[in-house]
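Hi,

Here's the structure I promised to pass on. Have a look, and my notes follow below.

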Amino acid sequence: MPAGKKRSLSLEDRFPSPKRVQTRSSHRDPLLPPTPDDLHSIVESAAPSHSSFTEAKGRAPAGPANPGVVRDPDRSALSRIPSDSDVLDAFTRLRKDGDLSDEEAFLKFITTYDVPLSTLSKISAARLPVSFSNVKYKEIAAYVWLDPSAMGTDIRPLETFRSRIPNDLFRSICADVDDAILQYGRMDSHDNEEARSRFIASFFSKIVCLFGSAMVNKPEGLLDSEFTKRGKIEHHFYAMNSVSIVFFEVKKVMAVGKGKLDVIAQVLAECAACDYANSKVQHWVPILAILCDGEKFDFLVYDSGSKSVYSSETVTGLVDRAGRPNLLVLSLKETTEYIFDFFLMGFINGLRSFGNKSSLVAARSKSKKRVSTDKWMDSLAKAENAHLLLREAAVLAGGGGLDKAEEIAARGIDELKESVSLVPWKMEERILESCWDGKECVERALKGL
């Protein structure tokens, strides 16, 4: 993870000839499996896992970001706060006894005590007014199963993939980005976090909409805090009711050199809090994280079930050069397809967790059945098949088979839409489109309503 460990990619590497497959992977240590095999799996995937696209039947190969199972993290060691202690007193005592910073004490607190999320917000408001902005890597590494002295070298490598975005959808993304450029200027002209955040949001707003309101963006810290936190913006994407993806935007100066490890520490600390919050509503998913400064994107996975952290290091990013808009378009296509793949996995993980919870509730009922369980699993099967098709389409496109890639990607999007339609979850409607189809003037169409 330290700066300089990985060679920077040239424009020729980033945008090779059409016959070169553009699927990236980190150099994987053969001794480190993607996910441990000896962990208890509550619910297996809707389809079996295989090692290649050609062998897979209905789903892409399993990996750290989409393990294909719901794990059961052992939280039995968590204690109740002593009856004679106030929560802030317990926090203060924990901090004093260990000579810890507020941020270290907070992570120690959630790995020691079983308390409601509202209690964590109370501590956050009193002790962490800027969330984890001050946390240092050496302070939190041990709380996320890493060796502080290893300086990130023990973070496991994460293989990343692209999921094909069809031309019509990508064209609408380009329109959003052009609109953002008109409003906020080119990337080099952004002089505050809010402008950069609104610009970056144009990359993924159309992607998020593909999931209906089953994937919701909450641009704030999980624990009551301010939207802007000393040079970084957070988006929490909830798949139904559980945090699945954390999107961190930081200033460019914070994402390079030795300071990058501290930014990664902040990401992992937030992931730990999200994982704890999910446990309070009886859901488990690996927390997927995206770290970006607009130009460069890193992808991380926080897996409390296997007690593992994974990182792709810098995989992709935008290239914005005066007079060369083709580079911006090509780099935007690459970047959004990596983001799309991560969102697909976050959605799939959420479906699997809800299907698991529904099946556990059914097992405790007299009838041993729930209508929603089949709906969750049917939606999951469709989503996994969509993911497989969209990854296959990306590989085909990288090999030059663009027409076939477009055909398969369109099928994948249709499968995804069907999956979303099957989710037994209250969806928000597109209320403006529902009352006006645009075929005639709005005044005439809605006259008398």
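This is a predicted model: local features need pLDDT of at least 70, side-chain atom pairs count only at pLDDT 80 or more; totals for chains, interfaces and linings use all residues.

How much space lies in the second largest pocket? About 490 Å³. Residues are numbered from 1 along each chain as its sequence is written, and side-chain values use heavy atoms, with hydrogens and water left out.

On the pocket (on a 1 Å grid over the protein atoms alone, an open set of points where a 1.4 Å probe fits, with protein on both sides within 12 Å along at least five of seven lines; lining residues have an atom within 4 Å of a point): 18 residues line it, and Lys206, Cys209, Leu210, Gly212 and Arg430 lie nearest its centre. H6, H7 and helix H11 (402-422) each give two or more residues to that lining, with H7 supplying the largest share, four residues. Helices here are DSSP runs of H or I, at least four residues, numbered from the N terminus.

H6 (residues 167-184) and H7 (residues 193-209) also pack together: their axes (lines fitted to C-alpha atoms over the stretch in contact, angles from 0 to 180 degrees between N-to-C directions) come within 8 Å and cross at roughly 165°. The two are therefore roughly antiparallel (over 145 degrees). In the contact (heavy atoms within 4.5 Å), Ile173 and Tyr184 are among the H6 residues, and Phe199 and Lys206 among those of H7.

Cheers

Terms used. Angles under 35 degrees count as roughly parallel, over 145 as roughly antiparallel, 65 to 115 as roughly perpendicular and the rest as oblique. Grid points are joined across faces, edges and corners, and a volume is the space filled by probe spheres set on the points.
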